[in-house]
Amino acid sequence: MGRDLHRLAERRRFVLAGVELPSPKGELGHSDGDVLAHAVMDALLGAAALGDIGELFPPTDAQWKDADSMKLLALCADRVKKAGWRLINIDCVVSCEEPKILPRREKIREALAAVLDVELNAVFVKGKTGEGLGPVGEGLAVEALAVCLLEKNEN
Ligand code: MG
């Protein structure tokens, strides 16, 4: 499982799995702030016991500044595959007050399926709100959760 949270700020793009959503605010972050890509990376790395995103791509390292998180996700997926694991499925939840996830959900699923090299029906993404409560509910942050199932290859 993976979890991530980013502050929302003006003059930032709101990006989920590389897909830009129309929004007055976007994710603040050292990289592009792609909260969903980050949660998916941690889910994959954790399930394969290969470390976590903070270890592999430390925010103190200048080479990851404004990094394209989908490229980092591709690196993680490759690492997991090379360690002998196959992704069976992955499910995600993105929580924010706005924008709405549903209008862009299929694009987001397609982007994840492509980078993870799995069928579309192995990837799902759900949008939730914070019901006005906490940093998500107050529109200050966006949170993503991801859970995945990996299978170890026999040989
Ligand atoms: Mg992050």
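**Close-up 1. E151 and R86 meet through their side chains in a salt bridge, 3.0 Å from N to O.** A salt bridge here is a side-chain nitrogen of Lys or Arg within 4 Å of a carboxyl oxygen of Asp or Glu. E151 sits in strand β7 and R86 in strand β5 (residues 85-95), so the pair ties together parts 65 residues apart in sequence. Strands are DSSP runs of E, at least two residues, and helices are runs of H or I, at least four, numbered from the N terminus. This is a predicted model, where local features need pLDDT of at least 70 and side-chain atom pairs count only at pLDDT 80 or more, while totals for chains, interfaces and linings use all residues. Residues are numbered from 1 along each chain as its sequence is written, and side-chain values use heavy atoms, leaving out hydrogens and water.

**Close-up 2. R3 and E143 pair up in a salt bridge, at 2.9 Å from N to O.** R3 is partly exposed at 47% relative accessible area, whereas E143 is buried at 19% (buried is under 20%, exposed over 50%, partly exposed in between, with a 1.4 Å probe and protein chains only).

**Close-up 3. Helix α1 (residues 35-47) packs on helix α4 (residues 105-116) at about 40°, axes 12 Å apart.** Axes are lines fitted to C-alpha atoms over the stretch in contact, and angles run from 0 to 180 degrees between N-to-C directions. L36, V40 and L44 of α1 touch I108, L112 and L116 of α4, contact meaning heavy atoms within 4.5 Å.
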